Amino acid sequence: MEPYAITGLGLVSALGVGYPAFEQGLANWPHGQNLFREQTTLLDPTKVSAPLVAECHDFDAKQYLGDKGLRNFDRLTKLLIVSGKLALEDADLKRDGVHRLTPDRIGLCSATAYGSLEAITEMVLVTELEDPRFLNPNRFPNTVINASAGYVSIWEDLRAPNVTVVDGNCGALDAVLSGETHLLNGRADAFLVGGGEALSDALYTAFRKLGVLADGGRTFAPGRAESQGMLLGEGAAYLCIEQLAFAQARGARVRAHIVGYGNAFEPPNSEAVLVHVSHLAVERTIRMALKDARLSPGDIDVVASAQSGIVAFDAAERAGIVAVFGDDSAIATPKAIFGETFGAGGALAMACAVAWLEGVPVAPLLQGECRRAPKHVLLLAVGYYGNASAVVLRGQG
Amino acid sequence: MGPFAIALGEMSRVFVTGLGVISSLGFGRDEYWRNVVDGRSGFSVIAGFDTHGFDRSVAGEVRGFNARDFLSAAEARRMGRCSAYALAAARMAVEHSLLSTEQLAGDRTSVVIGTTMGEANLLGELEYAWVRGGSDAVLTKKLPLCGSTLLPIHIARAVGARGMVQTLPAACAAGNYSIAYAADLIRLGRADIVICGAAELLQKTQFAGFVRLGAVAPERCQPFDKNRRGLIIGEGAGMLVLESEAHAVRRHANVLAEVGGAGLACDAYHITRPHPEGTGSWKAMHDAIARSGVTPADVDFVNAHGTGTHANDKIESLVIREVFGERRIPISSMKGTLGHCMGAASALEAVACVMTVQTGVYPPTVSYETPDPECDVNLVANQAQSGRSDIVLNNALAFGGYDAVVAFAKPGVLPDPTLVAQSLAAASGRVAPAAFGHSL
């Protein structure tokens, strides 16, 4: 693909709210606090006992959005709106609440894997245990998966296409292609791409039932054989992308470039299997992204892997990486910091990659070495049903 | 030339070569189209869940659907009903296209599917078990079946596709979003074949929500009628096989229609109400026409969103009048027969648009009795009509202000998409931001 400029970043993460806080938190991370805590304000201890999560503890939407109009927003919507607002400001597309481009030239492509389970739980509770007539009609729209992204466009007055992508863990990277496609087709001049996921009782209960969580004293070590599961986190991030010539023409600061994208799907060998991971899909998506970026494996300084701590998935992803890059490439594991954040995962990883490209030391590194301010980072996302996606970012250096 | 033009190369035409339908009006394109044209009702008293306490009980529910008629035993076991609708319709579309297993296999075939809620009934079931009986009551084996991302995964597995698998939830515009994105992938050379469309399941939480919003009519849906009282919820799946021109020509495919331009916009106004001036809807219609390389005068028919709600029909009428001016273009809404199938609505209506292009028949808007001065449009009322059908538009205007309009045309009618793109790029002016600060 032709290079696209990343001109802004806005995010809400367990490391901090806003890119400067995130960048600082990432730089300090090896010496900082473990973000996974049993203390959580989001999960009900009567429904979820002794959870271990990376919550965005410092996040208060009112600090960014004011007091009014938030009553019917769920957690996911608040995470996304604040991320969108911060991304627009970081890209200098909005200053003091005023658009620098006309609103119909800014679009949004937002990923989420599960939407608002909080809202769905609330509706089910009222419908099944009380009386359907007591449903709050103002909160019903939150059950619709794309509602949270719709609220971002409403809040920020973005009138170019608003797209929601649901591709499980691959959503945020796939959002890049969606945004790029709309830019290429002239449907907008700038696109916010990324995604978000919110913690909820239902989400935690589901993954605990599946037996894949490393809570209760089990080992959490993404990418390592001794890992006994993953941990959950939350967050949201948007990158503002523009065609490079357009960004340069408007004098935008370019933080990094998106230069390649790949995706692939491979089915399992058995008709009886649903959940599976394919090293072939991982390998193919990497090769496709490299080809799209017109790069060879040796050009990539570090792979930001999607390894989350589930050994079978991590091993397959590693096999795909090794098939392209060999045994000793530098591999980083952003999910060791944030946990599995599903629709937000690729977006938070891209935020890490931008920070690395801008000079923040690459961490956490699972293996290999990476120089300060690398030139190219390849990011991976691996789905639970055989799909995988990759994006290549290039720094300014 | 701006960056838009710099980035663009040759763009392929996109053809529709297969159609598949699961609906309350029948399975398969022929039965469905026959019932649509005859103005038959797909409405019945809901059997799928208890409607006690809702004060509404009618929907366009799919009846007589047995997943095993379309799916293998293993497939039926590993998917929920929404996925089963999607896969059944996709299989029909593939069969209709006469694409072979070999032609479909590989990474040049992608699957892009729209939905509003996906397997929300499964999710609701699990949530219900959880709130009633706690974690122990949740059936672990059902958890992996809930992912909305599964709809295209199931189809990709079934047909051997190895390219992109993507779910696009865009509320009631999901079908058009899917078709528009699929066409983009082909035009830009990123796929040769894309199976696209949308599926939706009638389910209790969604029904309850729309009833509480006051949007559901008691027994019938009367789009654009003065006395309209709201929508009737429906369900189903509409699937299309799209192919690049080169691929279709190479295999001597039976081309049903060409996918023209798509207009996508966001009202950015209110989560459930349309913009009072219909700005997003207007832009979507305008762009779909412009991106097809034609003018409003060239469009023959509009398959309207026409939900039967007061706000939608009034604003959509206003927008249609603004787009077409003095010309009273024939329009129709199928939601009086099919109901509002949410995410699947515009996919099912897209199938009808292709049939209109093929047959020259405009489907009727049923239950139309009393003209509404606020809906001053040339409605195909109660009886199907025949007319010119070179170019038709499919409108979808959804929750969250999602506006998506797609054009379908007889093959060979539309100008070369590469020339259209170049022309639009030239019209957009210089690289300077100001030159790009206006819509096409």
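Two strands count as paired if DSSP finds at least two bridges between them. Strands themselves are DSSP runs of E, at least two residues long, while helices are runs of H or I with at least four, and both are numbered from the N terminus.

Before you click, note that this is a predicted model, where local features need pLDDT of at least 70, side-chain atom pairs count only at pLDDT 80 or more, and totals for chains, interfaces and linings use all residues. Residues are numbered from 1 along each chain as its sequence is written, and chains are lettered from A and ligands numbered from 1 in the order in which they are written.

Select residues 235-243 of chain A. Nine of the nine residues here are buried (20 or more other C-beta atoms, placed from the backbone, within 10 Å of their own), so S10(A) is largely enclosed by the rest of the structure. Look along the strand: A:Tyr238 is among the residues pointing one way, and A:Leu239 and A:Ile241 are among those pointing the other.

**Stop two: its partners**

Find A:Ile6 opposite A:Ile241. Next, show S8(A), residues 190-197: this strand is also antiparallel to S10(A), with eight bridges. Here A:Gly194 has A:Tyr238 as its bridge partner.

**Stop three: where the chains meet**

In all, 71 residues of chain A are in contact (C-beta atoms, placed from the backbone, within 7 Å) with 73 residues of chain B. Color H4(A), residues 117-129: it gives the largest share of chain A's side, eight residues.

Definitions and conventions
Contact = placed C-beta atoms within 7 Å. Buried ≥ 20, exposed ≤ 12 C-beta atoms within 10 Å, placed from the backbone.
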